[in-house]
Amino acid sequence: MGANLNNPVPLLDVNRGNAPLLPEILERITGIVESGRFIGGPYCQELETLIAEHCDAEFGVGCASGSDALLLALMAIDLQPGDEVIVPSFTFFASASAISRLGGKPVFVDIDPGTFNLDAQLIEGLITPRTKAIMPVHLFGQCADMTTISTIAKKHGLHVVEDMAQAIGASFNGQQAGGIGDIGCISFYPTKNLGGFGDGGMVTTNNPALADRIRLLANHGMRPRYYHQEVGVNSRLDSMQAAILGVKARQIGHYGNKRAKNAELYRELMTASGLAEIMTLPTTDERCGHVWNQFTVRIPNGQRDDIRAHLTERGIGSEIYYPVPVHRQECYQYLGYAEGSLPETEKAAGQVLSLPIFPELTALEIETVVTCLAEALGCSVPLKQSA
Ligand SMILES: *Cc1c(COP(=O)(O)O)cnc(C)c1O
């Protein structure tokens, strides 16, 4: 066994990924400081072009965060108070809060227990005359069933807003996330596959009118300067973030491949150790190019929290995404979703555990994580000798 149980393994170490790029990043930052121009500029345009290309979308519009990207997308499709948007509850809060911020009503859909993504078969049963859009969330780096979602949306005249905060670079049936629905919403929060040195986001679309409106809305609805066509928000991507992300964006494919390799090694070791029979490993939809923002296992029988405590004691990072589903959050009690109303979502919330998977993680670290898990779960089968 090569695993060293005394070495801590962080959930994420952004410095490892940033280190080789730092000279170029710092040179860019110095240039911006010297120019004195901190908003907009050529790096923003460069990033918008790069990301749009990556999403096979015609337009990219930078904004201040992934949460704002979702808000701007819903503003651009004219979401009105009382309008409904079908969205999973097993997601980060921001997917739903963007709907509520505009007076809309999130209508929560349960998930497919295998992929953790919304169960597209349940969508049609939730459509009402007030339904305006479907917001699939490509959770943990894997696309929701965009073929079925697009078909339903077309049939009922609904917009599709992809929450792809965790899935930049992912694809479905050969199409890139962000270019499949009407609008794609990206986050550059540091834990995402393309993470900045702070907050940032982007909206992608193939629709020139939507792209133009989002650009207008993100800058106070102002055009020309100090003439406000509509009530927008202040949500701009700053020059420094764009400059940093522009350097890192060239690595998106590389990052996705490294994450996929790590997932493969986890699968191999967990199968060899017998862990795969005790825990449930993540399921990959064959139609999806998965970019593995998270490697999320299920630990059954109420053991999850004890196992996590054991990992923490061993210095192994892990996280629960997400412990309380959105429909059970205090602020959404007014919507009236009782306990048990979304059974697969609630079951997942009690079982999931995300393990370190960042691109620069070493094989030895993955072995350490698996060994500690096997130890915690009392797994008797020894790990095979590592190559
Ligand atoms: C991170 C995230 C967001 C929000 O992005 P921010 O840039 O943090 O505002 C939205 N949806 C999902 C699924 C996310 O993971």
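The dialogue below goes through the ligand and its surroundings.

Guide: This is a predicted model, in which local features need pLDDT of at least 70 and side-chain atom pairs count only at pLDDT 80 or more, while totals for chains, interfaces and linings use all residues. Residues are numbered from 1 along each chain as its sequence is written, and side-chain values use heavy atoms, with hydrogens and water left out.

Visitor: How many residues surround the ligand?

Guide: A residue is near a molecule if one of its heavy atoms lies within 4 Å of it. Here 16 residues surround the ligand, and the closest are G66, S67, D163, S187 and K192.

Visitor: Which polar side-chain atom lies 2.5 Å from an oxygen atom of the ligand?

Guide: A polar contact is a pair of N or O atoms within 3.5 Å. The atom in question belongs to S67. D163 has a polar side-chain atom 2.8 Å from a ligand nitrogen, and an N or O atom in the side chain of Q166 is 2.8 Å from a ligand oxygen. Of the 380 Å² of accessible area (Shrake-Rupley method, 1.4 Å probe) that the ligand has on its own, the protein covers 94%.

Visitor: Is S187 buried or exposed?

Guide: Buried means under 20% relative accessible area, exposed over 50%, and partly exposed in between, with a 1.4 Å probe and protein chains only. S187 counts as buried because its relative accessibility is 8%. Strands are DSSP runs of E with at least two residues, numbered from the N terminus; S187 lies in strand β8, residues 183–187.

Conventions:
A polar contact is a pair of N or O atoms within 3.5 Å; within protein, one must be able to donate a hydrogen and the other to accept it, and residues adjacent in sequence count only if both atoms are side-chain atoms. Helices (H or I, at least four residues) and strands (E, at least two) are DSSP runs, numbered from the N terminus.
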